[in-house]
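Visitor: I have a structure to look at and some questions about it. Could you take me through it step by step?

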Amino acid sequence: MQEYNLTIQLPQGETVNENIPEGTTFETLAFKYQQNFKDKIVLAMLNNRLQELNKPIPKDGKLEFLTMTGRDGKRAYRRSVTILLQKAVYNLYKKRAKVRVCYSLGDGYYCELEGMELTREMLTDMKEENE
């Protein structure tokens with residue numbers, strides 16, 4: 001089995017060298033090093049390329065973790081939440097309604113629900129769908 005050599009960048013400029021077996025995911029290492037970060041790790045960057053945490057590490061290189069407080073981490077989190085909202089609406093209302101992302105607004109998105117009038121009950125249903 002192949003091993004990959006990673007230089008892992010931690011906060012405050014500290015680095016750690018680690019050999020990991022082939023098939024190890026970014027998520028496994030994120031979990032291992034999470035205690036070094038103040039905020040939740042949401043993405044990895046291997047050799048300056050963004051990587052999803054559920055993917056296996058494909059090669060040697062420099063690994064950095066991104067949290068929700070950084071620009072790329074915020075973007076990834078915001079997109080993920082938007083996709084979850086769209087999926088919840090689809091699961092609950094099929095083709096009767098859909099979420100349209102109109103534009104970004106500050107640190108979020110302005111979205112509209114098309115096809116149905118939004119009610120508090122619908123908001124509760126969408127929240128429960130994502131739990």
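Visitor: How many bridges join strand 1 to strand 2?
Guide: This is a predicted model, in which local features need pLDDT of at least 70, side-chain atom pairs count only at pLDDT 80 or more, and totals for chains, interfaces and linings use all residues. Residues are numbered from 1 along each chain as its sequence is written, and side-chain values use heavy atoms, with hydrogens and water left out. Strands (E, at least two residues) and helices (H or I, at least four) are DSSP runs, numbered from the N terminus, and two strands pair if DSSP finds at least two bridges between them. Strand 1 and strand 2 run antiparallel, and the number of bridges joining them is seven.

Visitor: Which residue takes a positive phi in the hairpin of strand 1 and strand 2?
Guide: This hairpin has five residues between the strands. The residue with a positive phi, near 60°, is Gln-12.

Visitor: In what order do the five strands form the open sheet?
Guide: The pairing in this sheet is mixed. For example, strand 1 and strand 5 (residues 61-67) run parallel, joined by four bridges, while strand 3 and strand 5 run antiparallel, joined by five bridges. The order is 2-1-5-3-4.

Visitor: Why is one side of strand 2 and of strand 4 left without a neighbour in the sheet?
Guide: Both strands stand at the edges of the sheet. One side of each has no neighbour because strand 2 and strand 4 (49-51) each have a single partner strand.

Visitor: Is strand 3 largely enclosed by the rest of the structure, or largely open?
Guide: Buried means under 20% relative accessible area, exposed means over 50%, and partly exposed lies in between (1.4 Å probe, protein chains only). Five of the six residues of strand 3 are buried, so strand 3 is largely enclosed.

Visitor: Which residue is the bridge partner of Leu-46 in strand 4?
Guide: Strand 3 and strand 4 run antiparallel, joined by three bridges. Their hairpin has two residues between the strands, and Asn-47 takes a positive phi near 50° there. In strand 4, the partner of Leu-46 is Arg-49.

Visitor: At about what angle does helix 2 run to strand 3?
Guide: Axes are lines fitted to C-alpha atoms, for helices over the stretch in contact (heavy atoms within 4.5 Å). Angles run from 0 to 180 degrees between N-to-C directions. Helix 1 (residues 26-33) runs at about 65° to strand 5. Helix 2 lies across strand 3, strand 4 and strand 5, and its angle to strand 3 is about 125°.

Visitor: Which residues do salt bridges join into one network?
Guide: A salt bridge is a side-chain nitrogen of Lys or Arg within 4 Å of a carboxyl oxygen of Asp or Glu. Glu-112 and Arg-100 meet in one at 3.2 Å, N to O. Arg-100 also forms one with Glu-114, the closest N and O atoms being 2.8 Å apart. Shared partners make one network of Arg-100, Glu-112 and Glu-114.

Visitor: How far is the C-alpha atom of Pro-56 from that of Thr-25?
Guide: Pro-56 is found in the loop between strand 4 and strand 5. Beyond its neighbours within four places in sequence, Pro-56 is in contact with residues including Gly-23 and Thr-25. Pro-56 and Thr-25 are 31 residues apart along the chain, and their C-alpha atoms are separated by 4.0 Å.
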